[in-house]
Amino acid sequence: MELGDSAFSEQSVFFRLSGIVSIQFFRLTFLLLVTLLVDIRAAIKTFQL
Amino acid sequence: MAFTTKFDPAHNIITLNGVPVSLHCHHYNCGLLRVIEKFPHIDAHNILIRTAAEEFCQNFKSYFADQQPDCTAADALRLAAVLYRVMGFGRIDLSQLGEAGGTASSDSSYFVVGWLAKYGRRPDPVCYVTCGFIAGILAAVFQAPPDAYEVQETDCLVTGGECCAFSVRRRHHGR
């Protein structure tokens, strides 16, 4: 089998759908999303987006 | 000191040395960065750096206090590099950092690999969480507030650089 047909080829569905995983502190995920929402909300209000 | 994850099947929670963690793939991490970078009027990079610095500072302080109360700053920075690797972020050299700042470098970066797999090369750096990691770790080690250190990625593997290089300085208002 050539690399182009294998699961690790950039052309394969497996490669595109599989995830490269890292561990993150749960609170960081929460803090990041809340901070983003607050800032986006403020930007929408300020700039009338 | 060893960093180990533990799964609690009763509550469906994973902890890293007692701190709750989650697993995120590059589709989430890189997709989120790409979306917020396109959103006008918010400082996406600074938000990533600031929140990461706060989290790493708090958690590394607790690891320290619980398990390594008497280790030197150099030992603590070596421990931080192990934590970075265990969390799957890559390999980082923090040995050139001190209380006043300095430089750090990484020859293997999760964020670069993820971005390249998903979007390909980009002209500017991508390791903003790493900047926050460095700022938070230094703040924990030298007992400063999480915003005491300013970290800039001066070169990045994603742009074609030889390694990810970080320049660190202590802000004047930092205690």
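This is a predicted model: local features need pLDDT of at least 70, side-chain atom pairs count only at pLDDT 80 or more; totals for chains, interfaces and linings use all residues.
Local features require pLDDT of at least 70, side-chain atom pairs count only at pLDDT 80 or more, and totals for chains, interfaces and linings use all residues. Residues are numbered from 1 along each chain as its sequence is written, and chains are lettered from A in the order in which they are written.

The largest nonpolar core has 50 residues. Such a core joins buried Ala, Val, Leu, Ile, Met, Phe, Trp, Tyr and Cys residues through C-beta atoms within 7 Å; buried means 20 or more other C-beta atoms within 10 Å, with C-beta atoms placed from the backbone. Ala80(B) and Ile137(B) are among the residues with the most contacts inside it. Helix α5(B) gives the most to this core, with 11 residues (helices are DSSP runs of H or I, at least four residues; strands are E, at least two).

Ile137(B) touches Phe56(B), Phe60(B) and Ala80(B), residues up to four places away in sequence not being counted (contact: C-beta atoms within 7 Å). Ala80(B) lies in α3(B), and this helix meets α5(B) through residues including Leu77(B) and Tyr84(B). On the α5(B) side stand Phe133(B), Ile137(B) and Val141(B).

Between the chains, 29 residues of chain B are in contact with 19 residues of chain A. Elements β3, α1, α2 and α4 of chain B each give two or more residues to its side. Strand β1 of chain A and β3(B) pair in the antiparallel sense over 5 bridges (pairing needs at least two DSSP bridges). Ser22(A) stands opposite His24(B).

Technical notes. A residue is buried if 20 or more other C-beta atoms lie within 10 Å of its own, exposed if 12 or fewer, and partly exposed in between; C-beta atoms are placed from the backbone. Two residues are in contact if their C-beta atoms, placed from the backbone, lie within 7 Å.
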